[in-house]
Amino acid sequence: MFDRIAAVYDLMNSVMTAGMHHRWRGRAADLAEVGPGSTALDVATGTGDLAIELARRGAEVTGSDFAPAMLELARKKAPGLTFEEGDALSLRYPDETFDAVTVGFGARNFSDLDRGLEEMTRVARRGGRVVVLEITTPQKPPLSLFFRAWFDRVVPQLGRLAGDPDAYSYLPNSVRRFPGPEELGARMSAAGLADVRWILTAGGIIAIHVGTRR
Ligand SMILES: C[S@@+](CC[C@H](N)C(=O)[O-])C[C@H]1O[C@@H](n2cnc3c(N)ncnc32)[C@H](O)[C@@H]1O
């Protein structure tokens, strides 16, 4: 599915979020606490925007994804970074390789969330950060009402305009299925992370979780 929508993916992100997705990625990259001399892995990197944010902070960054068409666009946008094909549920890197491991809007697509979190934790070094940036469902009105109207009505229409209604009907369903902030925090702890905390932004629509590998 992501190979199919690769060509419209960046434009759709900007339209659906009024360009705010760059700011959210910036905050996720800040929580990864990387800088010159550190290494970072961005899994499910897609077209590479979170990997690029990490690299802006001076880190040596690898982006990995299993959709070749998404990676091709990432390589065009950031030829200086390393982009590799790989499954987030079975990462090819040895234990304790990276100072930070991130995922942006990818975890809700993992067919096995716990396995994905365990893999991200495994390849982070002890004391390194694991960051999960994801859409979450706001619980209280008026945001919850706006969110439902936006995701259930507007996003599928935008998907129709972009030529792939199925992919953009999948999006709200995948968000609904994804655990809320408390549960995701608990599952990150169970995956081997300590000091798990999160921030909610964009009126509670976006959650950015961070934990430290024990
Ligand atoms: C919504 S996109 C997010 C892309 C990018 N991280 C961003 O912030 O825009 C989800 C990405 O997750 C990738 N993905 C989903 N499950 C994966 C897995 N098990 N292994 C690798 N990539 C995966 C898809 O190929 C897709 O590129």
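Helices here are DSSP runs of H or I with at least four residues, numbered from the N terminus. Keep in mind that this is a predicted model, where local features need pLDDT of at least 70, side-chain atom pairs count only at pLDDT 80 or more, and totals for chains, interfaces and linings use all residues. Residues are numbered from 1 along each chain as its sequence is written, and side-chain values use heavy atoms, with hydrogens and water left out.

Now show polar contacts (N or O pairs within 3.5 Å). A side-chain N or O atom of Tyr9 is 2.6 Å from a ligand oxygen, and a polar side-chain atom of Arg25 sits 2.5 Å from a ligand oxygen. For the backbone, go to Ala88: one of its polar atoms is 2.8 Å from a ligand nitrogen. The protein covers 98% of the 590 Å² of accessible area the ligand has on its own (Shrake-Rupley, 1.4 Å probe).

Next, pick Lys77 and Asp10, whose side chains form a salt bridge at 2.7 Å, N to O (the cut-off is a Lys or Arg side-chain nitrogen within 4 Å of an Asp or Glu carboxyl oxygen). Lys77 is in helix H4 (residues 68-77) and Asp10 in helix H1, so the pair ties together parts 67 residues apart in sequence.

Methods
A polar contact is a pair of N or O atoms within 3.5 Å; within protein, one must be able to donate a hydrogen and the other to accept it, and residues adjacent in sequence count only if both atoms are side-chain atoms. Helices (H or I, at least four residues) and strands (E, at least two) are DSSP runs, numbered from the N terminus.
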